Amino acid sequence: MIVATAAFAGFFAFVISMAITPIYEAKTTFYLASNAESPRYLGGPETPPEPLFPTPDEKTAALNVGILRGSAFMTAMAKEFGLPVALVRKRVDVTVSGEFMVDLFVRSEDAGLTSRMANRAPALYAEFHRASMRQRAQQLAQTLSAHIADLENQLIGLEAQSEVHRRRFGATLDEALIARLSDRRATTERRLQEIDGSLAAALARRVGLEAELETERRTYAAGETVLTTPVLDLMVEQLLTLHVELAAARDGPQSPRRGAVEEQIAATETAIEGERARMAAAVIKSTGSNYELLRGQIATAKAEEAAVTASRQTAEAQLAAAKADLDAAIAFLSEAEQLAAKKAEVAAQVSDARINLASARLQAENAEVPMVVVEEASVPTRPAFPIPLLNGIVAVLAGAVAGFYYALFIGHAARARQKLLSEALRPPRFTGTELAHLQRLAEVSRGAAS
């Protein structure tokens, strides 16, 4: 029974295995090198790096499996071989080996198709990474181009600010210019001090002359009227001199010096009119007298005082301008140093950005993936499923086990049936009274026999 069951099961499994369409399986093993050297697209000559043995990476193995099982790779594989995506997902399986490499299995009824699909998978996966690298490099190039344009605009703005400084001072803004402006301010301050001394001396001289004139006036008596005096002649001469000076001035209408000369002309004309009015009511004094000489000296002193006052105003304006230029130069020098540092920084950023831009463009054009194929798939000669011999052996073993249990079941069933039959043929049991009666009969029989 056991042998018959095992033989039948093995024969049945073999026949079924031969009837089923065989499924072939092809396998390829590959990985992305984790220690690959990045290409140096730009820069000067350097010592070439030592050759490295490419090694797989535990961290990226799971990532690779996830990408290979993703829709992008499966769609590319299906498009490559003209198969439905759902069918490709069923036929392609991806696992991680113990060495952290990627094992890709392809199963199909066509043995040649399985090897072609398995061998094509690493190239498609590398193309997926190349496309990703190109996309990232192009995006980086676009970002760098916009950044370079912004930096160049910043440089243009900084150059414009530097040009404002050059137009303000008409020279290079440096420490030498600051020294010249400092000397100019110091010179103007010394000149102003000298003018203040001259003004004080002129004022003291005029006050002294006026005191002498007051004393001299009391020595004259009323008499006759005069038509001109040396003072009036001196004022007229001074007026002519001022007009000549005004005509020869090359300063603009807003010049402090020109304004001072105009004020002196107006003051002299007023003084001449006052002198002429005074002469109409004046008493005669000798033309060469000490009185007239003093009046002439006083007029000269006043004119000198007015001229010195005008010079002081001009000097004050020049000092204010010198201080303003010096303060502005110091402020602009500090700002210019900051501008120069900023320009250098921006220029360096532009240079680095251009180098990175060139590198990004080269990477977009020459994207390479460090793919290492460890084992290429070959055309399978034996199907992966079904395996008739293996299926027959398994069926024989399963049949033997089933036959053994079936034989046990049959033996147990026979014993149970025999027990039921023996119980059915057993004589009926006697009651207590019947047994007591039978015992008495047996005793009587034994007594009679004895």
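Modeller: Let us begin with a residue pair: Thr95 stands opposite Asp103 in S3. The model is predicted, so local features need pLDDT of at least 70 and side-chain atom pairs count only at pLDDT 80 or more, whereas totals for chains, interfaces and linings use all residues. Residues are numbered from 1 along each chain as its sequence is written, and side-chain values use heavy atoms, with hydrogens and water left out.

Biologist: How are the elements defined, and which residue in S3 stands opposite Val92?

Modeller: Strands (E, at least two residues) and helices (H or I, at least four) are DSSP runs numbered from the N terminus. Two strands pair if DSSP finds at least two bridges between them. Here Val92 faces Val106 in S3. Strand S2, residues 92-96, and strand S3, residues 102-108, run antiparallel and are joined by 5 bridges.

Biologist: Which residue takes a positive phi in the hairpin of S2 and S3?

Modeller: That residue is Phe100, with phi near 65 degrees; the hairpin has 5 residues between the strands.

Biologist: In what order do the strands form the sheet?

Modeller: As a general idea, side chains in a regular strand alternate between the two faces of the sheet. In this structure, 4 strands form an open sheet with antiparallel pairing, in the order S2-S3-S1-S4. S2 and strand S4 (371-375) are the edge strands, each pairing on one side only. From one strand to the next the twist averages 30 degrees; axes are lines fitted to C-alpha atoms, for helices over the stretch in contact, and angles run from 0 to 180 degrees between N-to-C directions.

Biologist: How should I read a nonpolar core, and how many residues has the largest one?

Modeller: Nonpolar side chains tend to be buried together in soluble globular proteins. A nonpolar core is a set of buried Ala, Val, Leu, Ile, Met, Phe, Trp, Tyr and Cys residues joined through side-chain atoms within 4.5 Å. Buried means under 20% relative accessible area, exposed over 50%, and partly exposed in between, with a 1.4 Å probe and protein chains only. The largest core here has 24 residues, and those with the most contacts inside it are Leu68, Phe73, Met77, Val92, Val94 and Leu104. Two or more residues each come from strand S1 (24-32), helix H2 (58-68), helix H3 (71-81), S2, S3 and helix H5 (111-169). H5 gives the largest share, 7 residues.

Biologist: Is Ala121 buried or exposed?

Modeller: Ala121 counts as buried because its relative accessibility is 0%. This residue lies in helix H5. Ala121 and Thr29 are 92 residues apart in sequence, and their C-alpha atoms are 10.0 Å apart in space.

Biologist: Which residues make the nonpolar surface patch?

Modeller: Patches are made of residues with over 30% relative accessible area and no salt bridge; like charges are joined within 9 Å, and nonpolar side chains (Val, Leu, Ile, Met, Phe, Trp, Tyr) within 5 Å. Accessible areas come from the Shrake-Rupley method with a 1.4 Å probe, and for residues only the protein chains shown count as cover. Val401, Phe404, Tyr405 and Leu408 make a patch of about 420 Å². Tyr405, in helix H10 (residues 388-425), is exposed because its relative accessible area is 57%.

Biologist: What is a salt bridge, and how many does the structure hold?

Modeller: A salt bridge is a side-chain nitrogen of Lys or Arg within 4 Å of a carboxyl oxygen of Asp or Glu. The structure holds 6 of them. In one, between Arg107 and Glu25, the closest N and O atoms are 2.7 Å apart. This pair links distant parts of the chain, with Arg107 in strand S3 and Glu25 in strand S1, 82 residues apart. Arg107 is partly exposed at 31% relative accessibility, as is Glu25 at 28%.

Biologist: Where do Arg91 and Glu109 lie?

Modeller: Arg91 and Glu109 form a salt bridge, with 3.1 Å between the closest N and O atoms. Arg91 is in helix H4 (residues 85-91) and Glu109 in the loop between S3 and H5, 18 residues apart, so the pair links distant parts of the chain. Arg91 counts as buried at 15% relative accessibility, whereas Glu109 is partly exposed at 42%.

Biologist: Which residues are linked in a network of salt bridges?

Modeller: The network links Glu127, Arg130 and Arg134. Within it, the side chains of Arg130 and Glu127 meet at 3.2 Å, N to O. Both lie in helix H5, 3 residues apart, about one turn of the helix.
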